[in-house]
Amino acid sequence: MPVQLLKIIEGQSEIPLPSHLQKENLKHLQEGCDHTNKYIQGVVTLSYPLTKLRDGTDFFKIVVQDSDNLGSQINSINVLIYGKMAEDCAKILHQGVKKTTKTYETFIVAGFKVIKLPAAREDDRHNCHLEVSEEAGSAIYIYTKPRTTAASETASVSVAPKYVYTPLNHLKDGTVVNLYGVVKFFKPPYISKGTDYCSIVTLVDPSNVKLTCSLFSGNLDSLPKIYKVGDIVRFHRIKIREYNGQMQGITSGGFASLTFDGTVGAPVVPRTSSRVYTFIDEEQKTVEELRIWAASNISISGSATKLSDVQPMLFFDLTCQLVGKAKVDGSSFLLKVWDGTKCPYRTWKVPVEAKDLEGEKVLLHQLRNLAVDILVYDNHVQLAESLKIGSFLRIYSIHVKQASADNEDVSHMEFHLHGGTCYGRGIGLLPESNPDVKELKEFLESVNLTDSQNMESMCSMDIDSTFGNVTDLELHLQRCQQLSVTVLTDHQDLSTTELKTITNNAAPQQYRIRAKLRTYKPQKLHQSVKLHCSKCNSLQEVPDRDDFDFILHGSAGTAPNPELHNTSWYESVTWTTQEQKQREIAIHFVKHDEMLQHPEDTLIMIEGGTLKEIWKLTKKFKCVIPVRSTEDDLELLDLSAPFLLKGNVKYYGCKQCSTPKPMKNLSSIAAEQQPSWEPTEIAQVLGIQLLQYVFIMKFTLVDETASLNAYLFDHEKFFQIPASEILTNNFLQEKMQMTMNTLCPPGRKLGELPWLECFIKSYNVRGAMENQVYYQIFDTTIAEDVV
């Protein structure tokens, strides 16, 4: 039998292990060695749910700790069990959790296969794991001995063990301790580079010593339930290690935690997912004393910011209820939330298809003036997708951004939860027992939604409540047939002119027209984006990534010049890649006041980097400039490549009008009191004539009298979408497509198309034989309720 449950009687196993098996130490395990006659012995400190692989094979994962070497740096290992053994082992171990009459003392696995992990682990587990299956000839022995307590007995004060708690100023490297602390900083749990969840917590106590803890677990519920700075935590069996002269904490086998509200006078109720724990009167006194100390020694923010309090460029934490959610693209996700108060500014409504939006349609319509759209990115997407509608959340470090607009009347506030975990960014799920949730629920129940709806004019229509069903779509199209879907931004004194009159008039002239969009080119909207030089008036296609990649590969053949490293205005770091064709990479960090700045404020220059490496750097640093070394200075690459990358935008220079200057000219910007690192300023000091991203489209416009072709030449005013961002942003591409589908609905008859009110100007273009008249749309933008 591959999995055997054996009893220990008077300290001895009722059935001895096979004589050919030899015990192996964890530190001696190596991939590729024969472990047929070896066994590992320990205790199970963590088990995961039994699951099935794609091929239907049962799979069970556990963590086994070497109980003989608790003080060792590596004292536990992951064991992956497959097939019938997985089912049998899970059944035995999970029954042991439910039945308190037994405890499993020893877990032995024999005949295993050792597999090395691709990356080093952050916790105290082995950098290999064991694979076990009946087909491989593996065996598992689980030893148990009867308990002396009654079956109904649970943990209580009278039998609780006496734990010793170590002050933070008495921690020593390599020890496993119990401790109490006050939360000074924390990052909500997030998915680490592996499969575990990770949370970072910084603790302080009256000894005025700080301890930063890195907590890992495959089970989200086993991590501390911290909701705010000032919470108090109790950690059992946390491992201490010294790094760069500072003590750090990390989870070890058997790690457990309790969390308490840090508010003075609040009930002392622990937050934990464990059903069995000890907490004695003496510890309650400890919690209350820490609360009093923290009240006067920890800077704890007051009441949480509400939507009615937000201001542009604010970063804030929000306690709210989730009422809707939708996937936007692969790297972003939409959360619709409310807290019962109304944002004082016009807020951004993220356009998504109605079928993709989860949430109660009636409630979403009722809350259209109170709910706000928060776009979450990157590592927060997985957690956001798992949230249930109606959940109460605390979202940390939301960025309030005022969208750029030419007209203040059309500006709006956007809410973003950026990727990464800096400044504690993340999403926390609050239980309904949380005091803040109870207070919020009472407030939400008191909100009069009828009053909220009356605040909005009945003729307006938000994008998130549009197109709920076919009837809604028909009503919207009927409305568009009656009203113009565009807005005129100037020249209100001009009267409307028929298209027939315009085509019969000489150029140049300016007109106001009312017409319908019969068709447009290009149909593939991404093809409408071009690069324009305002100096020579030339247009060119946007280079594709292969062109950029080719130039980068070519420049990688030039090794960085060490004589150009570490100047007065930048600091340099170099390394050589380990791939077959080794590359030497140099990154130069531009300084300000002779000091390096935060990455989000720093411009860097890179030599020898690949396209993938450069894109990764753009997510962390403010600006990236690809360069190469000469004898005397760093210089830009061929202007077929972007001279600057900022965020998702690549900035190009005109080859004909640019006169590139040495990179040392950037030092003048670095010397400014607050360097902005704006592309226009960078281009100017480097002698680059900046190319502007523009939309170039041909509209065929018709009215009752005639038709004509008018060209759209615009960089962001018409669509209210920056042409510079459309190529790298799926969300903006979808928004533009939805706009064009409203202006020119596919499959509709001419009489069903909406009216466009816009300005056009005629102009002459001299041809080989005669002048030809062309028309261009100007000073017109898409109506607010269409965008």
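Tutor: Strands here are DSSP runs of E with at least two residues, and helices are runs of H or I with at least four, each numbered from the N terminus. Two strands pair if DSSP finds at least two bridges between them. In this pairing, Val 44 stands opposite Val 64 of S6.

A quick word on what you're looking at: this is a predicted model, where local features need pLDDT of at least 70 and side-chain atom pairs count only at pLDDT 80 or more, while totals for chains, interfaces and linings use all residues. Residues are numbered from 1 along each chain as its sequence is written, and side-chain values use heavy atoms, with hydrogens and water left out.

Strand S4 (residues 38-47) has another neighbour, strand S3 (residues 22-23), and those two run parallel, joined by 2 bridges. Lys 23 has Tyr 39 in S4 as its bridge partner.

Now for the rings. Rings of Phe, Tyr and Trp (its six-membered ring) pair if their centres lie within 6.5 Å; planes under 30 degrees apart count as stacked, over 60 as edge-to-face, and the rest as tilted. That rule gives 14 aromatic pairs. One of them is Phe 59 with Tyr 82, a tilted pair at 5.3 Å centre to centre and 55 degrees between the planes. Phe 59 belongs to strand S6 (residues 58-65) and Tyr 82 to strand S7 (residues 76-82), so this pair ties together parts that are 23 residues apart in sequence.

How hidden are they? Buried means under 20% relative accessible area, exposed means over 50%, and partly exposed is in between (1.4 Å probe, protein chains only). Phe 59 is buried at 17%, whereas Tyr 82 is partly exposed at 21%.

Phe 186 and Tyr 396 make another pair: their ring centres are 5.2 Å apart and their planes are at 85 degrees, so this one is edge-to-face. Because Phe 186 lies in strand S12 (residues 176-191) and Tyr 396 in strand S20 (residues 392-402), the pair ties together parts that are 210 residues apart in sequence. Phe 186 is buried, with a relative accessible area of 7%, and Tyr 396 is buried too, at 5%.

Rings can also link up in a group: ring pairs join Phe 695, Phe 699, Phe 718 and Phe 719 into a cluster.
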